[in-house]
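Open the model in your viewer and get ready to select residues by number. We will go stop by stop.

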Amino acid sequence: MSDPSKTRWQKIARRIRVPLGFVVAAIFMVSASPSLRSLAWSVPLVLVGLWLRGYAAGYVKKNSELTQTGPYAYTRNPLYLGSMALAAGFAVAAGRWWLVVLLIAMFLAIYIPTILSEEAFLRATFPDFDAYAQRVPRLLPRLTPAHSSASNQQEGRFAPERYLHHREYNAAIGAAAIYAALALRMWLGHKL
């Protein structure tokens, strides 16, 4: 039997993750103290995050099949792992160590319960989820891809139309806007 308080927090976490993200983004922009060095160090993390999110979006068929190919053969949550890389990159760009702590706290409080809630849905919806979960780690990726034991699993391939359908290009647009805002903040900081 599941703990009702855990289930309640999972529901709350799923509802508040996007609005809380905007609050954290506002704190981020007000508190950021970017430099050319911090921006340069952030780029590899941000690019990895964007690539991983885009790669995963081109494979996933949300709620219609249990995706086990592409990045989903390495980690069950490549979209969240990509989001973590993006957040880490922007924390580096901001040049404030305590923003890293804030982002870690937000991830633990919001995304872990969200992942657990989504896993409960997947477990109830797809009979082979438990076998998949035994082969593929929840977040930190395997070094080699896990092979699906499902005999009826279609050979999954990256589909650009899925990437577009999930509007994952918005992450790249958002990243460019954040970099522009950080560059403007850095420029204005030198003018003051």
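Buried means under 20% relative accessible area, exposed means over 50%, and partly exposed lies in between (1.4 Å probe, protein chains only). This is a predicted model: local features need pLDDT of at least 70, side-chain atom pairs count only at pLDDT 80 or more, and totals for chains, interfaces and linings use all residues. Residues are numbered from 1 along each chain as its sequence is written, and side-chain values use heavy atoms, leaving out hydrogens and water.

**Stop 1: Arg76.** Select Arg76, in the loop between α2 and α3. Helices are DSSP runs (H or I, at least four residues), numbered from the N terminus. Is Arg76 buried or exposed? Arg76 counts as buried, because its relative accessibility is 12%. Now show its contacts (heavy atoms within 4.5 Å). Beyond residues up to four places away in sequence, Arg76 touches Glu119, Phe129, Tyr132, Ala133, Val136, Pro137 and Arg138.

**Stop 2: the main core.** A nonpolar core is a set of buried Ala, Val, Leu, Ile, Met, Phe, Trp, Tyr and Cys residues joined through side-chain atoms within 4.5 Å. The largest one here has 14 residues. Select Phe28, Leu39, Val46, Phe90 and Leu182, which have the most contacts inside it. Two or more residues each come from α2 (36–57), α3 (78–94) and α7 (169–191).

**Stop 3: Leu182.** Zoom in on Leu182. Leaving aside neighbours within four places in sequence, Leu182 is in contact with Phe28, Met29, Ala32, Pro34, Leu39, Phe90 and Ala93.

**Stop 4: the second core.** Select Ala56, Tyr72, Phe129 and Ala133. They are among the 12 residues of a second, separate core.
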